[in-house]
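Here's a quick briefing to read alongside the model. Have the viewer open and follow along.

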Amino acid sequence: LGYTFDEITEMNYLDLIPEEYRESEREFYRGQRKIKSEEISRIVPVLNRHGKLIWVAPHTKVIEHPDMEPEYYSIARDITELKEMQRELEESERKYRELIEEKTRDIIITADCDGLILTANKNLYKKLGYTEKDIRGMNIKDLIYDDPKHRDSINLAAFIDHLAEVFEHEAYDVRFKTICRHN
């Protein structure tokens, strides 16, 4: 945090908490005292000497004394980098969802290595007439129309061969045109 030992021992814990979080932190510890918690784990923001926000995960042991204020002993782990990665992951997921839901006319499906459908964008439901409930537990192979007469599109046998090749080469993205079964 950038403080000397003498400085930090003269400070109140709440002096480290950003102003907008102080009241909720105060209320949290009041609640913990009422229910007589002996150990507390949580995630809180603190400010270092230069005003930089740091996220910590303190584990606090509370020792009650008769006729005295309780003592709090904490060990805090800096999780700032973890919180930033979490924020970046959530932003990436938001952008991904926006892309597959709103920015394409394609049907986009994610499936496990056995072909079981995990997710699908709204275009699958809109264009093929399925509901989320319909595709839950469905295999992607069940969506592909199997008619060898349609040489312009990939049929089920060719798709299965292509998928096997993809798994052998550890590719994660398969794009193809096919005729699909409509519900």
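Does Asn-48 count as buried or exposed? With a relative accessibility of 13%, Asn-48 counts as buried (buried is under 20% relative accessible area, exposed over 50%, partly exposed in between, using a 1.4 Å probe and protein chains only). This is a predicted model, where local features need pLDDT of at least 70, side-chain atom pairs count only at pLDDT 80 or more, and totals for chains, interfaces and linings use all residues. Residues are numbered from 1 along each chain as its sequence is written, and side-chain values use heavy atoms, with hydrogens and water left out.

**Around Asn-48**

- You'll find Asn-48 in the loop that links strand E2 (44-47) to strand E3 (53-63); strands are DSSP runs of E, at least two residues, and helices are runs of H or I, at least four, numbered from the N terminus.
- The Asn-48 side chain reaches the backbone nitrogen of His-50 at 2.8 Å.
- That side chain of Asn-48 also reaches the backbone nitrogen of Lys-52, at 2.9 Å.
- Setting aside neighbours within four places in sequence, Asn-48 is in contact (heavy atoms within 4.5 Å) with Leu-1, Tyr-3 and Ile-54.

**Helix H6**

- H6 covers residues 156-168, 13 residues in total, and its first and last C-alpha are 19 Å apart, close to the expected 18 Å (1.5 Å times one less than the number of residues).
- Its buried residues are Leu-156, Phe-159, Leu-163 and Val-166.
- Looking down the H6 axis, those buried residues fall within an arc of 75°, so they line one face of the helix (the arc uses directions from the helix axis to the C-beta atoms).
- Exposed Asp-161 and Glu-168 sit on the face of H6 turned away from its buried side.
- Just after H6, Glu-170 has a positive phi of about 55°.

Key
Polar contact = N/O pair within 3.5 Å; in protein donor to acceptor, adjacent residues only side chain to side chain.
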